[in-house]
Amino acid sequence: MPDISCNCAGITAPNPFWLASAPPTNTGDQIMRAFDLGWGGAVWKTLGDPVQNVSSRFGAINHNGTRAIGFNNIELITDRPLETNLREIREVKRLYPKHAVVASLMFGGRDEWIDAVKRCEDAGADGLELNFGCPHGMCERGMGSAVGQEPKINEEITRWVADVASIPVLIKLTPNVGDILPHGLASQRGGADGVALINTVKSIIGVDLDRFVPVPRVGNKGSNGGYCGAAVRPIALHMVAQLARSKEFNLPISGIGGISDWRHVVEFLLLGSTSIQVATAAMLQGFRIVEDMESGLQSWMRSHGFEKLDDFVGLAVPNYSEWGDLDINYEVVADIDRDKCIGCQVCYVACRDGGHDCITLKSDSRIPEVDEKECVGCNLCSHVCPVIDCITMKEVDNGFAPASWNEHLTKGTPIVPKKGVHE
Ligand SMILES: Cc1cc2nc3c(=O)[nH]c(=O)nc-3n(C[C@H](O)[C@H](O)[C@H](O)COP(=O)(O)O)c2cc1C
């Protein structure tokens with residue numbers, strides 16, 4: 001069996017599957033049940049001055065019959081007393097010494113931060129995660145994303161904590177910024193041992209069409225919340241990759257956002273995360289999703305000959321390229337498998353109305369045909385086709401040597417003539 005034990009910023013765990021700070025990590029009982037089912041670590045629901053939460057507090061987007069492809073919450077940090085949480089952290093660590101228990105923290109002034117650090121260390125936490133990311137409620141109080149959006153404040157508070165902490169400190173970054181790099185670098189300058197990202201995306205998930213109130217609805221009002229779940233995974237992958245490929249940034253990353261199965265875990269690890277965290281999927285599907293994550297990761301590692309996580313963490317990072325350095329002469333065209341095609345012509349409509357109008361219909365057949373001379377290889381038809389693998393993209397040898405747009409501009413390297421323009 002491959003070794004899937006993990007070390008993220010000095011925090012060790014039997015595997016890289018950690019529960020993110022959220023309702024599944026509200027209590028010691030929940031976390032111990034999660035550990036029994038296979039989770040390797042848990043980031044405790046953010047500790048701070050206990051809050052009063054609102055009712056209701058969650059919203060979701062359903063799409064084409066799939067429930068909650070995007071999730072949204074206006075919940076704040078823990079509503080439980082600090083002493084209670086610390087007592088339970090101590091108990092969890094006593095019973096599960098090898099699992100990672102990370103205390104998520106959010107406080108206001110320097111003294112409060114430092115006091116909380118000491119108390120979490122005394123309770124036996126393996127690491128700290130500073131919540132600089134919550135985009136609702138707490139930011140109005142000068143905390144959460146209000147800190148994460150200001151590199152100077154991020155750096156200052158990180159330093160307060162890093163200077164006194166004897167256990168690893170992760171900074172949980174907010175995605176509600178234009179460019180994540182300055183924020184990762186601020187945490188690095190402040191002395192963090194690692195970063196965790198993403199927290200939730202500031203959002204309004206919908207509006208009640210009869211009451212004219214944003215949802216989730218609290219009486220007759222709604223507020224912006226934090227978007228998470230499957231829909232945010234692409235944003236999270238982008239931000240993780242952006243930090244991982246920066247030469248200036250060299251802290252370990254705990255990747256979070258829309259993870260629900262082993263494939264997502266592998267994606268985050270390939271883009272440079274050394275552990276991953278899950279909130280929404282554990283809320284929607286329960287703790288047992290970790291079983292599929294573990295068996296899927298193990299068998300994927302075996303099929304690729306990887307013995308430990310370090311063998312492949314970050315392997316996809318060098319394969320990221322700026323657009324201008326992509327090979328503009330690389331060419332694919334759509335290929336419709338006539339045996340699989342059901343003649344629905346959805347690809348024809350998509351290409352005609354939303355693509356480059358290079359799929360044609362013949363009067364004697366319902367099966368569309370691709371005009372390869374005009375097909376730009378955009379993939380749209382393959383994405384709308386309801387039959388798996390009916391439309392694939394096949395590589396074309398156009399006789400042009402590889403060349404990027406940048407090379408074309410600077411060296412005049414020849415590029416393949418444009419297709420699908422219909423002049
Ligand atoms: C209901 C809910 C409450 C959350 N509470 C916290 C919190 O207290 N502290 C924190 O750092 N993140 C909190 N988060 C954010 C998650 O930890 C995570 O960063 C985010 O949801 C993205 O991961 P996901 O797509 O797996 O949910 C919360 C998320 C949800 C859905």
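Predicted model: local features only at pLDDT ≥ 70, side-chain atom pairs only at ≥ 80, totals over all residues.
Okay, strands S11 and S16: three bridges join S11 to strand S16, residues 225-228, and the two run antiparallel. Strands here are DSSP runs of E with at least two residues, helices are runs of H or I with at least four residues, and both are numbered from the N terminus. Two strands pair if DSSP finds at least two bridges between them.

Residues are numbered from 1 along each chain as its sequence is written.

So, back to that pair. S11 and S16 belong to an open sheet of four strands in the order S5-S6-S16-S11, with antiparallel pairing. Strand S5 (58-63) and strand S11 (201-203) are at the edges with a single partner strand each, so one side of each has no neighbour in the sheet. From one strand to the next, the twist averages 40 degrees; for these angles, axes are lines fitted to C-alpha atoms, for helices over the stretch in contact, and angles run from 0 to 180 degrees between N-to-C directions.

Now the other sheet. It's a closed barrel of eight strands, running S3-S4-S7-S8-S9-S10-S17-S18, with parallel pairing. Here the twist averages 25 degrees from one strand to the next. Take strand S7 (residues 100-105) and strand S8 (residues 127-131), which pair in the parallel sense over four bridges. Ala-103, for one, has Leu-128 in S8 as its bridge partner.

Let's zoom out. The protein chain has 13 helices and 22 strands. Its radius of gyration, taken over C-alpha atoms, is 24 Å, close to the 22 Å from the globule rule (2.2 Å times the number of residues to the power 0.38) for 423 residues, so the chain is as compact as a globular protein of that length. Buried residues make up 43% of those 423. Buried means 20 or more other C-beta atoms within 10 Å of a residue's own, exposed means 12 or fewer, and partly exposed is in between, with C-beta atoms placed from the backbone.

Which residues of helix H6 are buried? In H6 (residues 181-190), they are His-183, Gly-184, Ala-186, Ser-187, Gln-188 and Gly-190. Their cover includes helix H5 (151-164), strand S10 (194-197) and helix H7 (233-244). After H6 comes Gly-191, with a positive phi near 105 degrees.

Leu-173 has 30 C-beta neighbours inside 10 Å, so it counts as buried. Beyond its neighbours within four places in sequence, its contacts (C-beta atoms, placed from the backbone, within 7 Å) include Phe-132, His-183 and Val-195.

For contrast, Gly-219 sits in the loop between strand S14 (217-218) and strand S15 (221-222). Gly-219 is exposed, with 10 other C-beta atoms within 10 Å.

Last stop, the ligand. There are 28 residues around it, and Ala-20, Thr-46, Cys-228, Ala-279 and Thr-280 come nearest; to be near, a residue needs its C-beta atom, placed from the backbone, within 6 Å. Strand S6 (66-73) and helix H9 (280-285) are the elements giving two or more residues to that shell.

How values were computed
Contact = placed C-beta atoms within 7 Å.
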